[in-house]
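Me: Please take a close look at one part of this structure, its pockets, and tell me what surrounds them.

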Amino acid sequence: LIMIIFTKNTPMHLIALALAPIIAIMWFVYFKDKYDREPIKHILISFILGCFSVIPAIILEYSLGAVYPENTLNVLTTAIWAFIIVALSEEFSKYIMLHWYAFRQKEFDEPFDGIVYGVMVSLGFAAVENIFYVMDGGISVGLLRMLTAVPAHASFGVIMGYYFGLAWQHKDQAWKYKLRGLLSATALHGAYDFFLMQTYYPAFALISFIGLFIAIKLSFKAIKAHQNRSPFHPDILAQKALEEEVWQKDIH
């Protein structure tokens with residue numbers, strides 16, 4: 001099946017190629033939620049909202065781009081385009097969906113849920129983007145993006161979701177953690193895009209891959225950290241049970 005997808009150039013095969021890494025990463029993150037998995041309904045809605053987040057992102061990019069035309073020969077202009085016009089527009093659009101829908105659900109009841117929903121929203125965005133790129137560029141573009149842009153979007157979603165998880169855990173400072181999530185995802189996204197967009201030093205494009213490696217490494221650390229913070233973690237449940245037992249003995 002994989003060979004058929006990777007060797008055929010029909011529209012349906014290209015769409016399958018574009019969506020294959022999306023589904024694989026969604027599956028991976030979903031099963032990393034070991035202790036209290038989210039309802040499929042919320043997973044799908046978050047993904048769909050991520051698809052729709054492309055719309056405000058395009059509006060923001062076109063609006064800001066009209067004010068500040070792109071010029072890849074200028075370092076400052078390239079940085080503005082990479083970090084603000086592209087990265088901030090896209091990450092803010094994902095942020096809206098994560099904040100407006102997922103964070104408000106009663107099932108959002110542990111830090112890891114921020115990562116789950118953050119990834120689902122981000123991959124919804126990536127799915128729409130990837131279909132357009134692969135349909136236009138063909139199999140080679142699909143294979144390249146499978147190893148670069150798609151995992152990049154997923155890692156940005158993990159990082160933003162990590163901070164949303166901390167926002168749930170520290171509700172008195174929720175806005176600060178959410179802002180950190182937005183800015184962290186934007187910084188990583190902008191750095192990744194900057195070295196690809198600049199044209200004066202072509203070899204610097206390789207730095208994007210270093211940035212992607214760092215983002216993925218941070219994502220795995222974030223996943224592990226929030227797994228250990230889960231109130232449903234067996235060790236934490238055992239500790240609570242022990243404390244409850246001691247408390248019961250004390251009052252008697």
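Reply: The model is predicted. The second largest pocket holds about 180 Å³ of space. Its lining consists of Ile-25, Phe-28, Val-29, Pro-151, Ala-154, Ser-155, Val-158, Ile-216, Ser-219, Phe-220 and Ile-223. Three helices, α2 (11-32), α8 and α10 (205-229), each contribute at least two residues to this lining. Sorted by class, nine of the lining residues are nonpolar and two are polar, with no charged residues.

Next comes the largest pocket, with about 760 Å³ of space. It is lined by 27 residues, and those closest to its centre are Glu-90, Glu-129, Tyr-133, Arg-145 and Asp-193. Two or more lining residues come from each of α4 (54-67), α5 (75-100), α6 (112-137), α7 (139-147), α8 (149-169) and α9 (174-197). The lining of the largest pocket has 18 nonpolar, three polar and six charged residues.

With six residues, α6 gives the largest share of the lining of the largest pocket. This helix has 26 residues, and the span from its first C-alpha to its last is 36 Å, close to the 38 Å expected at 1.5 Å a residue. Most of α6 is covered, with 19 of its 26 residues buried. After α6 comes Gly-138, which has a positive phi, near 90°.

Notes
Residues numbered from 1 in each chain as written. Predicted model: local features only at pLDDT ≥ 70, side-chain atom pairs only at ≥ 80, totals over all residues. Heavy atoms only, no water. 1 Å grid on protein atoms, 1.4 Å probe; cavity = no way out; pocket = protein on both sides within 12 Å on 5 of 7 lines; lining within 4 Å. Points joined across faces, edges and corners; volume = space filled by probe spheres on them. Helix = DSSP H or I, 4+ residues; strand = E, 2+ residues; numbered from the N terminus. Nonpolar A, V, L, I, M, F, W, Y, C, P; charged D, E, K, R; others polar. Expected span 1.5 Å × (residues − 1). Buried < 20%, exposed > 50% of the residue type's maximum accessible area, 1.4 Å probe, protein only.
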